[in-house]
Amino acid sequence: MLEVINLTKAYNIGAFGKEKLYAVDNVSFKIEDNEIVSLIGESGSGKTTIGKLILRLTKPTSGKIIYNGTDISTFKNIKEYYRYVQGIFQDPFSSYNPIFKIDRIFEMVREEFYPSENHDKWMGKVESTIKDIGLNPKEIIGKFPHQLSGGQLQRLLIARALLMNAKFLVADEIISMLDASTRIDILNLLISLKEKGLSVLFITHDLSLGYYTSDKTIILYRGSIMEYGDTVKVFNNPLHPYTKMLLESVPTTHKKWTREELIAESRRTPPGYCKYYDRCPLGDSNCKNVELRQVEDNHFVACAKV
Ligand SMILES: Nc1ncnc2c1ncn2[C@@H]1O[C@H](COP(=O)(O)OP(=O)(O)O)[C@@H](O)[C@H]1O
Ligand SMILES: [Mg+2]
């Protein structure tokens, strides 16, 4: 289980780094074993920063992350942690070195984690894992990254995590660069791996992908959680005005675009107010110091009006 507790990440910005930007602001959630949790928010809401904090690619300003009882900042040997927790990102090409054949990423797993395994036995494992993720080893082994498609490369990164016996995957917009038919295959692959014991933090800005894939959903806005709970509850009974707005603004196939007047109210969010105050039709002076509150079993909302 992975637990995020009061996690905050502030970046110093401005000419002399005097201003602070709270990319992640006091965020707490849990991901159980065998669970897929979507982290949904618009661009700039802090999703990638949360992913990077979990992968220890950046340090929190405050708060902590506990993996199976251990504070991840205390791992002296980070390999111990990466053995179980792996990240996959939007651009699969960036995870491969273009001058090496694909085989190299699998060979590196052997060198790092299974140095005593003999080559033939290892290649047998590699081939069966490649089959498990729905690819034909004959079309993969010996190829260079540029000879494969984005979808194939993303699957191979999942295969690498499986070979390492990883238990937790941070998947940050992993299908944004793929075409529609490949996307669904990758989502189905993630769901099937969950049944084999993998947990996934599925980061996306796309509500429908989150709905399809995940057990639980976190709705993030400007670094804070607005709503969090069972995916079915958050989507079928959205309670936060921001979640409602997001769900209403999804283009659907039975509705044509029509011009709607924008609410041109220019309000500012005072310190300590709900982050959504400046855009919220319900915003008033009660929207101060709002905390996540349980509204039903496995459903939490941070709104003073709910
Ligand atoms: N290294 C950095 N330095 C300063 N600001 C950053 C840095 N990384 C991210 N940010 C800012 O933090 C906010 C959240 O970014 P990010 O986590 O990438 O959001 P998302 O993945 O949801 O689009 C954004 O406003 C972004 O500009
Ligand atoms: Mg991002």
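Q: What does helix H1 lie across?
A: In this predicted model, helix H1, residues 47–54, lies across S1, S2 and strand S4, which covers 62–67.

Q: And at what angle to S2 does H1 run?
A: H1 runs at about 65 degrees to S2.

Q: OK, the sheet then. In what order do the four strands come?
A: The order is S2-S1-S4-S5, in an open sheet with antiparallel pairing.

Q: Which ones are the edge strands?
A: Strand S2 (19–31) and strand S5 (70–71) are at the edges, and each pairs on one side only.

Q: How many bridges join S1 to S2?
A: Nine bridges join them, with S1 spanning residues 2–13 and the two strands running antiparallel.

Q: Which residue in S2 stands opposite Val4?
A: Phe29 in S2 is opposite Val4.

Q: Changing topic: how many residues has the largest nonpolar core?
A: That core has 41 residues. Ile102, Phe106, Leu156, Ile158, Val200 and Phe202 have the most contacts inside it.

Q: Which elements give two or more residues to this core?
A: They are helices H3 (103–113), H4 (119–132), H5 (150–163) and H6 (180–195), together with strands S7 (168–172) and S8 (199–204).

Q: Where does the largest share come from?
A: H5 gives the largest share of this core, seven residues.

Q: What does Leu156 touch?
A: Not counting residues up to four places away in sequence, Leu156 touches Tyr96, Ile102, Ile105, Phe106, Ile130, Ile133, Leu135, Ile140 and Leu148.

Q: What about the other core, which residues are in it?
A: Another core of 27 residues lies apart from the largest one, and Phe29, Ile31, Ile50 and Ile65 are among its residues.

Technical notes. Residues are numbered from 1 along each chain as its sequence is written. Chains are lettered from A and ligands numbered from 1 in the order in which they are written. This is a predicted model: local features need pLDDT of at least 70, side-chain atom pairs count only at pLDDT 80 or more; totals for chains, interfaces and linings use all residues. Side-chain values use heavy atoms; hydrogens and water are left out. Two strands pair if DSSP finds at least two bridges between them. Contact means heavy atoms within 4.5 Å. Axes are lines fitted to C-alpha atoms, for helices over the stretch in contact, and angles run from 0 to 180 degrees between N-to-C directions. A nonpolar core is a set of buried Ala, Val, Leu, Ile, Met, Phe, Trp, Tyr and Cys residues joined through side-chain atoms within 4.5 Å. Buried means under 20% relative accessible area, exposed over 50%, partly exposed in between (1.4 Å probe, protein chains only).
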